[in-house]
Amino acid sequence: MSILANEPPAEHMAAKRAEKGIFSKVISNASRLLMGKVAAGVLSFAALTMATRALGVAGFGVLLLIHTCAAAFSVATRLQAWQPLLHFGAMPYERGESAPFQSLLRRCLMLDFGGAALGAVLAVVCTLLFGPHIGWPATERVPAALYMTAVLFMNTGCAMGALRLSGRFGRAMLGDVAAAWCRCLGAAAGLFLHWGLGAFLAVWYAALVASFATDHIMAWRALRTTPACRGFRLLARPEITSLTGFWRGLLATSANFWLDNLEGRVVILLLGAFLGPSQTAVFSVTRDVCDALGHPAELISPAAYPELIRLRERRDWAGIRHVTAMLLKTLGGFSLLLFGICALLGPTIIGFALGEGRGASLALLMLLAAATVVDLWDAPLEPLLLSFGQAPALLKGRLIGMAAGIALLCFLASLLGLTGAGLACLLAELLILCSRLIPALRLMRHP
């Protein structure tokens, strides 16, 4: 018998090479995003440390609550414009079909700008009426209301979609780096010149403007010379194009994003009301350290989504299963590494950031590290479900997890303090993971 008879067919070998190539491309794109995240994370940590030294833990807690409130209104009114841009724009972009692509791009930009305007108005009004009830002094009502106008510069979803679509993953993080540099330099000046809370709010505001401008400039530079975007004008006669599932996919993805991101901000605001600014600052810094260590794996999701869309368009179900399985295996090893780093270095990092002799609760640290690990396993599952139009399943799971998490937080935080808050976060993430793993496994067996 010929030796060649025992070898896989040439087509099978070619498919395997293609799948490995896609996996390598996802990891490569995630690595480009990671470089920017690392730079932004180091600078943001330095800014946080200097702001804590300048304002004290309680003062930094007030700054954190005001910024979190603005971010919550931004999230609540933000439609995920990148989703339809990638979902419906990938083929027109690759083919250079300017009319449908530019019409879609204009629609997505309007979604970004309209949501930002609505969020800013609601944030200013609600802050003037209810601000002091969620943790900051009544004397800071006017500065806080002025800061809420920064919501106008928080929506960059369309710009991010354009950068991912054009393969400029390295540039997608430049906005975060610009914001981190702005905060770091401003915090250094504030520490040296003994600035108060108002000046630090101005620094954080300027950082948001810098990030917004950088993201949109990078997106325009990436698209302006491509055939699909040649001659683009923001203001043009609207073209009525039929995009089946546009609003359903957009609203389902946006609702999942609202619940995902609002949950963390609502947790901070509730802790501010229950435990005060100082305890809230301790929880936030601990969670930020855990999240920062998990960033490399979190970047798999935005890097994988465009590739899974392309595989879906080619109806390569075996390729989708294989790439997703490889990503899940990679996350297993990364999760063990994250636990080890948190246990060894976490308390030292958090203690340095907070200063004033404060340290981290090891129980809180490990609970939040476990919640981060559970959340990481969403990284390949979310783009898989999105690429198959399963956004409603994501929404349902996120809704259940958020409702349960907030109920558990109110009960456990009042009973066990910060440790209870960490336990509530972990239980909520476990619920969300189960809600995604079941339909993902079903899809991988029968796409």
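**Close-up views of a predicted model**

**Figure 1. Aromatic pairs in the predicted model.** The structure contains seven aromatic pairs, where rings of Phe, Tyr and Trp (its six-membered ring) pair if their centres lie within 6.5 Å, and planes under 30 degrees apart count as stacked, over 60 as edge-to-face and the rest as tilted. F153 and F212 form an edge-to-face pair, because their ring centres are 5.6 Å apart and their planes stand at 80°. This pair links distant parts of the chain, 59 residues apart: F153 belongs to the loop between α4 (141-147) and α5 (157-165), and F212 to helix α7 (residues 197-223). Helices (H or I, at least four residues) and strands (E, at least two) are DSSP runs, numbered from the N terminus. F153 is partly exposed at 25% relative accessibility, whereas F212 is buried at 18%; buried means under 20% relative accessible area, exposed over 50%, and partly exposed in between (1.4 Å probe, protein chains only). Ring pairs also join Y147, F153, Y205 and F212 into a cluster. This is a predicted model, in which local features need pLDDT of at least 70 and side-chain atom pairs count only at pLDDT 80 or more, while totals for chains, interfaces and linings use all residues. Residues are numbered from 1 along each chain as its sequence is written, and side-chain values use heavy atoms, with hydrogens and water left out.

**Figure 2. The ring pair of W220 and F232.** The planes of W220 and F232 lie at 45° and the ring centres are 6.2 Å apart, so the pair is tilted. Distant parts of the chain are linked here, with W220 in helix α7 and F232, twelve residues apart from it, in the loop between α7 and α8 (246-275). W220 has a relative accessible area of 40% and is partly exposed; F232, with 14%, is buried.

**Figure 3. Arginine side chains over aromatic rings.** R53 is placed over the face of F352, 5.3 Å from the ring centre. The charged end of R164 lies over the ring of W82, at 5.1 Å from its centre. A charge sits over a ring if NZ of Lys or CZ of Arg is within 6 Å of the ring centre and within 35 degrees of the ring normal.

**Figure 4. Packing of helices α3 and α5.** Helix α3 (residues 98-130) packs against α5 at an angle of about 145°, and the axes are 8 Å apart. Axes are lines fitted to C-alpha atoms, for helices over the stretch in contact, and angles run from 0 to 180 degrees between N-to-C directions. The contact (heavy atoms within 4.5 Å) involves F101, L105, C108, L109 and D112 of α3 together with G157, C158, A159 and L165 of α5. By class, seven residues in this contact are nonpolar, one is polar and one is charged. Ala, Val, Leu, Ile, Met, Phe, Trp, Tyr, Cys and Pro count as nonpolar, Asp, Glu, Lys and Arg as charged, and the others, Gly among them, as polar.

**Figure 5. Two annotated spans.** The UniProt annotation "transmembrane region", from an unreviewed entry, covers several spans, including residues 144-165 and 331-354; UniProt positions are given in the numbering used here, feature names are shortened, and annotations may be inferred rather than shown by experiment. Residues 144-165 are 59% helix and 0% strand, with 37 Å between the end C-alpha atoms. Residues 331-354 are 100% helix and 0% strand, and their end C-alpha atoms lie 30 Å apart.

Figure 6. L426, in helix α15 (residues 418-445), is buried with a relative accessible area of 15%. Apart from neighbours within four places in sequence, L426 contacts L367, A370, A371 and V374. The C-alpha atoms of L426 and A369 are 8.7 Å apart in space, although the two residues are 57 residues apart in sequence. S284, in helix α9 (residues 277-298), is buried at 4% relative accessibility and, neighbours within four places in sequence aside, is in contact with L64 and I268. G346 lies in helix α11 (residues 317-354) and is buried, with a relative accessible area of 2%. Not counting residues up to four places away in sequence, G346 touches I341 and L365.

**Figure 7. The backbone at H194.** H194 lies in the loop between α6 (174-193) and α7 and is exposed, with a relative accessible area of 70%. The phi of H194 is near 60°, a positive value in a residue other than glycine. Most residues other than glycine have a negative phi.
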